[in-house]
Amino acid sequence: MWWILLFIVLIYLVLYFVVRPLASKGLAPKMTMKTPSENPKFDNSFRFGASTAAWQIEDIKEKSNWSLFEEKGRCPPHEKACDGIKMFDSDLKMMKDMGLKFYRFSVSWTAINPEKGKFDLFYLENYINICKKLKEAGIEPMLTLCHFEHPAWVEKEGGVLAPDFKRYLCEITATVVDACKEYCTYYITINEPAVFANNAYKDGIFPPGEKSFVKFLQACDVFMECHASMYKIIHEKIPNAMVSIAKHMIPFYPMHEWSVLETVLAAVFNNFNTAILDSFDTGVIKYSFLGFTIHSHEVDGLKNSIDFIGINHYYCTWISFNPLDWGGSVFTQPPMSQNPRRFSLSDFGWSLAPESLSVCARWVNERWNARKLPIIITEHGIADKSDKNRQWFLPHSLSHLRDAIDDGINVTGYCHWSLLDNYEWAEGYKMRFGLIEVDFETQERKLRDSAIIYKNIISDSNK
Ligand code: BGC
């Protein structure tokens, strides 16, 4: 009997001393839980901004992949959103009032390419005007070419997995860049490719609502193929363009450091962060675990195809097998946890750990920035209708970010998600991310108190 026990103990020791350290090697640095200093002050070269995306704010009549999803009753009605095009001039005034220096927004592929081979040049004109007006106001436009949305006709041909998806996306890229190049040099090719692939093809919460791991991997490959070609097209038209993707970062941690299983699972989920960023260093998109490759795909022109590193970040995720740590939240089903016993949660159920943004910046800089590229936070924010949490979460997050910059991390800009309350995809209008509160009936706008706090941080930094 004793030898069975000894055998079990030996196995555990091997797992603990060999497998666990190996699995934790690639994980994000830990948080220090340092108290943030009040009133962070940045250099006046630092660019503060805000982000939006077309389908989330515009009143678009043409049908997209989301309209088809809505017809199946899989997402709430889109309606007019924030009527973003008509309201742009007054939104611009509010951006100027806050002192913003970056505005990240996207073109609606659906609105400008509503039918196969047909481009709506009038709608495209809106984006040229937006870029022009932003420039005149001293705000740098950053244009996203593909933000979770494409026309219904593309979706009907198979969406991201359609045989010609890349060709279509390259066509729209060329058209948009030709139109906007006089006023816009910052481009995001694809917003959060791994999130889009995951939500659309693995978790089924974005259109087309599929649940296939194989299709998820295929979609990631397609996106990186698209990115490499789009990068080339943009640079052919604007040699000094600044191009990136917006990479969603989620630090995964084991809830209990002694737990081999939690650490191993954290390492598996960590592929979400590493696969895409590694691919810019290697030219290969690869999903692997403990040295075993599950999937690998080489993409021509992918290596080094970014000019800055765009980071989107909202929350960390812990792995826990203790049900007391779980809490219902989209995207973070058990054994994933938002650590509710330690952190307060946003309206979306995401952990509010203000240090995590700086952790991501430090991690990205250390592991994926051998070329010393600028890092720009392309999205970061909180769903908070009451605005109570945003009022401390935003300055505390910026304060930690400031510390990272003091430690030599080359973060040159920060765009808050979002400028406006908007259509939050599968959640509809429930989640309020805006610095600006929107009344969706009247389209009235109002600066939230947190926006005033943001404005004060910006003006103090400009002194
Ligand atoms: C997306 C946004 C979204 C935000 C909040 C990001 O992943 O890029 O479109 O609104 O998260 O959920």
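This is a predicted model: local features need pLDDT of at least 70, side-chain atom pairs count only at pLDDT 80 or more; totals for chains, interfaces and linings use all residues.
**Ligand site**

The ligand sits in the largest pocket. Its shell holds 14 residues, with Gln56, Glu192, Glu379, Glu424 and Trp425 the closest. By class, that shell splits into seven nonpolar, four polar and three charged residues.

Polar side-chain atoms reach oxygen atoms of the ligand at several points. For Gln56 the distance is 2.8 Å. For Trp425, an N or O atom of the side chain lies 2.8 Å from a ligand oxygen. For Trp417 the separation is 3.2 Å. On its own, the ligand has 320 Å² of accessible area, and the protein covers 95% of that.

**Cavities**

A search of the whole structure turns up two cavities of 30 Å³ or more. The table sets out their volumes and lining classes.

| Cavity | Volume | Lining by class |
|---|---|---|
| Largest cavity | about 90 Å³ | nine nonpolar, three polar, two charged residues |
| Second largest cavity | about 30 Å³ | four nonpolar, three polar, no charged residues |

The largest cavity is lined by 14 residues; Ile57, Gly84, Phe88, Tyr103 and Ile130 are the closest to its centre. Helix H2 (54-57), helix H4 (88-98) and strand S2 (102-106) each give two or more residues to this lining. S2 supplies the largest share, three residues.

Tyr314, Ser346, Trp350, Ser351, Leu352, Gly381 and Ile382 line the second largest cavity. No charged residue is found in that lining.

How values were computed: Residues are numbered from 1 along each chain as its sequence is written. Side-chain values use heavy atoms; hydrogens and water are left out. A residue is near a molecule or strand if one of its heavy atoms lies within 4 Å of it. A polar contact is a pair of N or O atoms within 3.5 Å; within protein, one must be able to donate a hydrogen and the other to accept it, and residues adjacent in sequence count only if both atoms are side-chain atoms. Accessible areas come from the Shrake-Rupley method with a 1.4 Å probe; for residues, only the protein chains shown count as cover. On a 1 Å grid over the protein atoms alone, a cavity is a set of points where a 1.4 Å probe fits but cannot get out, and a pocket is an open set with protein on both sides within 12 Å along at least five of seven lines; lining residues have an atom within 4 Å of a point. A molecule sits in a cavity or pocket if more than half of its atoms lie within 2 Å of its grid points. Ala, Val, Leu, Ile, Met, Phe, Trp, Tyr, Cys and Pro count as nonpolar, Asp, Glu, Lys and Arg as charged, and the others, Gly among them, as polar. Grid points are joined across faces, edges and corners, and a volume is the space filled by probe spheres set on the points. Helices (H or I, at least four residues) and strands (E, at least two) are DSSP runs, numbered from the N terminus.
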